[in-house]
Amino acid sequence: MKTLQTIVVILTLITASSCKENTASETVSEGQKELKTEKNMKVLFVLTSHDKLGDTGKKTGFWVEEFASPYYTLLDKGATITIATPKGGAAPVDPSSDSPDAATEATDRYNKDADAKDKIANTKVLADMNPDDFDAVFYPGGHGPLWDLTNDANSVALIEKFDRQNKPIAFVCHAPAVLKDVKNEDGTALVKGKKVTGFSNLEEAAVGLTEVVPLLLEDMLIENGAFYSNGDKWAPYAVQDGNLITGQNPASSELVAEKLLETLK
């Protein structure tokens, strides 16, 4: 009888110990799950290196609002952001986007942010960027990308790899133009059959640059088989089709960032 009681005690202790180990294992598992959910998102921003507005003698570059609003939307949620350009070094700012009438809360914050300005002055070289190191890529607009990023083989290859990995690829305003030569694995245009938006022909006409730009974004997207749509001039409008996110104009940059953030969760 005494022997039986001893065996029962031992079995009880073994069972308790086993349950304790399982509980600890479950706790670690939950901790790992939480860590994964709150992982540090790594996002690559690609900006233009081009600063000449055709033959007008004027300057162009990237549009500050289209960088700043998504940058802070993502940064404030814990994202690590890397900025690259085709040439590396300083990314040119479109002077028109740095004027008082183009100012927003995000651009005001950028103008006081020494760290962000330092990153813009010292961008990485696009050719050195590996999509495997990032969770998403985002292209701000401005007229600059129409001249360099639309024809950049490194940009094309980068976007194609992000897309093959089903990672979010996001563009705003003139930036969807960089999709011009991006292909699916079967050789068809990436935008073929996709819902997209971007700077409209009406908006290009409104800024008087229809005859200056090397291509009209709306026309190019339609010619490549995209289902293009747009909202009113200068009104916020963004479209998502799978992992492809596009915004129409500077006012749409925050919408694009929010869709990108939601996709990354």
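**A sheet, its helices and the core between them**

In the protein chain, residues 24 or more positions apart account for 76% of the contacts with a separation of 6 or more, a contact being heavy atoms within 4.5 Å. The model is predicted, so that local features need pLDDT of at least 70 and side-chain atom pairs count only at pLDDT 80 or more, while totals for chains, interfaces and linings use all residues. Residues are numbered from 1 along each chain as its sequence is written, and side-chain values use heavy atoms, with hydrogens and water left out.

The protein chain has 8 helices and 9 strands; helices (H or I, at least four residues) and strands (E, at least two) are DSSP runs, numbered from the N terminus. Two strands pair if DSSP finds at least two bridges between them. Strand β1 (residues 42-46) pairs with strand β4 (residues 136-139) in the parallel sense over 3 bridges, and F45 stands opposite F138 in β4.

Of the 265 residues of the protein chain, 46% count as buried, that is, under 20% relative accessible area with a 1.4 Å probe, protein chains only. The largest nonpolar core has 66 residues, and those with the most contacts inside it are F45, F67, Y139, L158, I159 and F171. Such a core is a set of buried Ala, Val, Leu, Ile, Met, Phe, Trp, Tyr and Cys residues joined through side-chain atoms within 4.5 Å. Helix α2 (residues 64-75) gives the most to this core, with 6 residues. Leaving aside neighbours within four places in sequence, F171 is in contact with residues including F138, Y139, I159 and L244.

Aromatic rings form a further theme. One aromatic cluster consists of F45, F62, F67, Y71, Y72, Y110 and F138. F62 and F67 are both buried.

How values were computed:
Buried < 20%, exposed > 50% of the residue type's maximum accessible area, 1.4 Å probe, protein only. Phe/Tyr/Trp six-rings, centres within 6.5 Å; stacked < 30°, edge-to-face > 60°.
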